[in-house]
Number of protein chains: 2
Amino acid sequence: MICQRYDSDVATKRASDTRPDLAAMLAPLVRELIDAELPILAANGISMWAYSVLLALDRSPMRSQAALAEAIGADKTRIIPTLDELQALGYIERRPDPDDRRVRLLAVTDAGRAVKDATQAEIQRGEERWLGRLSAADRSAFLRVLRQFTDERRAARNLARESS
Amino acid sequence: MICQRYDSDVATKRASDTRPDLAAMLAPLVRELIDAELPILAANGISMWAYSVLLALDRSPMRSQAALAEAIGADKTRIIPTLDELQALGYIERRPDPDDRRVRLLAVTDAGRAVKDATQAEIQRGEERWLGRLSAADRSAFLRVLRQFTDERRAARNLARESS
DNA sequence: TATTGTTATACTCTATAACTATA
DNA sequence: TATAGTTATAGAGTATAACAATA
């Protein structure tokens with residue numbers, strides 16, 4: 001009934017009208033990218049969440065921790081230890097809004113931006129291991145598509161926020 | 001000292017010689033793809049790991065559970081409950097190798113392939129929400145790049161396995 | 001003794017729900 | 001009373017290590 005070879009690298013059947021799932025191709029790639037990032041982050045003394053916070057605050061200061069959490073796709077309770085740490089290191093500024101002392105105004109400091117820039121340079125150098133193998137046309141198309149997806153996600157999120 | 005506006009959608013600075021990190025763009029995308037998949041998987045009565053197993057066994061039968069685990073990037077202990085379940089549902093065949101009764105020969109059944117095909121069709125229809133917005137050229141370039149990355153990962157893994 | 005599969009345990013990560021302080 | 005932030009707790013998911021069966 002089942003009469004295929006039990007080889008590990010038997011030719012993968014790939015009918016002309018089928019494609020692999022996006023997530024099935026992307027998830028292992030992301031995992032590998034993250035595995036490559038972790039030592040770099042550790043060497044620069046920050047966690048993945050901390051790096052994510054620095055990236056977001058470098059794009060723009062934030063008027064509340066909840067907004068920051070939403071921007072980076074985290075729970076608001078989850079980033080608190082990260083913010084404590086970044087503040088203690090002097091990488092972010094975090095002070096109560098004088099107009100509403102419940103909310104915290106968040107911004108990256110010069111020191112924080114320097115760490116973020118150094119870390120990002122190393123990370124992107126590592127990513128060239130993947131991008132470097134692409135033709136110039138494929139590279140630019142791939143990055144363009146990813147940026148388009150990112151922008152569309154942000155637009156959809158803003159729309160959902162405004163309607164609520 | 002810090003004099004930017006605290007707006008959430010302030011223009012993101014994007015210097016001409018910089019690009020966003022690959023992982024920073026891919027990770028949220030993968031998360032969203034997975035969130036869209038989970039209801040589909042639930043409706044078809046299988047878990048994410050089970051679907052991953054069906055995909056792998058549909059590509060090729062496997063001669064051991066450890067090989068299967070490695071192929072899908074899982075721990076060998078983690079997939080055991082999944083295999084139990086898939087076997088109970090009649091979606092996979094799992095029998096001791098007569099030549100070495102320690103190892104289990106694994107293969108997908110016709111019923112398992114049917115569930116996998118139905119699930120995959122739904123998932124890929126959902127993914128068209130993303131791919132459908134791309135130009136034909138961008139779509140084919142994007143998928144070509146992802147396949148290239150996937151193939152390179154597999155080649156690197158086979159190389160590492162053979163040298164050990 | 002080495003290997004495959006299995007089970008048990010400990011650990012990390014994450015989400016949920018109370019709690020405080022301001023409004 | 002409602003909201004921003006914080007803390008505490010419970011749950012899910014994961015990895016590590018011990019165990020049983022076979023070679």
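In the predicted model, a polar backbone atom of Arg104(B) is placed 3.1 Å from a phosphate oxygen of DNA strand C, a polar contact being a pair of N or O atoms within 3.5 Å; within protein, one atom must be able to donate a hydrogen and the other to accept it, and residues adjacent in sequence count only if both atoms are side-chain atoms. The side chain of Arg94(B) likewise has an N or O atom 3.1 Å from a phosphate oxygen of DNA strand C. A base oxygen of DNA strand C, in turn, lies 3.1 Å from a polar side-chain atom of Arg102(B). The elements giving two or more residues to the surface near this strand are β2 (100-108) of chain A and, in chain B, α3 (65-71) and β2 (100-108). Helices (H or I, at least four residues) and strands (E, at least two) are DSSP runs, numbered from the N terminus.

DNA strand C is surrounded by 17 residues, the closest being Arg78(A), Arg102(A), Gln65(B), Ala66(B) and Arg94(B); a residue is near a molecule or strand if one of its heavy atoms lies within 4 Å of it. Of the atoms of DNA strand C that come within 4 Å of the protein, 65% belong to sugar and phosphate. The surface near DNA strand C comprises nine charged, four polar and four nonpolar residues. In this classification Ala, Val, Leu, Ile, Met, Phe, Trp, Tyr, Cys and Pro count as nonpolar, Asp, Glu, Lys and Arg as charged, and the others, Gly among them, as polar.

Around DNA strand D there are 17 residues, with Gln65(A), Ala66(A), Arg102(A), Arg78(B) and Arg102(B) the closest. Sugar and phosphate make up 68% of the atoms of DNA strand D that come within 4 Å of the protein. At the bases, a polar side-chain atom of Arg102(A) lies 3.0 Å from an oxygen of DNA strand D. At least two residues of the surface near DNA strand D come from each of α3 (65-71) and β2 of chain A and β2 of chain B. That surface contains nine charged, four polar and four nonpolar residues.

Chain A superposes on chain B by a rotation of 180° with 0.0 Å of shift along its axis (RMSD 0.0 Å), which is the relation of a two-fold axis. The C-alpha of chain A nearest the axis is that of Phe142(A), at 2.7 Å. The superposition is by least squares on the C-alpha atoms of residues with pLDDT of at least 70 in both copies. The copies meet through the same surface, because 100% of the interface residues of chain A are also interface residues in chain B.

Val30(B), in helix α1 (residues 22-43) of chain B, is in contact (heavy atoms within 4.5 Å) with Leu26(A), Ala27(A) and Val30(A), leaving aside its neighbours within four places in sequence. Val30(B) has 8% relative accessibility and therefore counts as buried; buried means under 20% relative accessible area, exposed over 50%, and partly exposed in between (1.4 Å probe, protein chains only).

Chain A has six helices and two strands, in the order α-α-α-α-β-β-α-α from the N terminus. Of its 164 residues, 41% count as buried.

Residues are numbered from 1 along each chain as its sequence is written, while chains are lettered from A and ligands numbered from 1 in the order in which they are written. In this predicted model local features need pLDDT of at least 70, side-chain atom pairs count only at pLDDT 80 or more, and totals for chains, interfaces and linings use all residues, whereas side-chain values use heavy atoms, with hydrogens and water left out.
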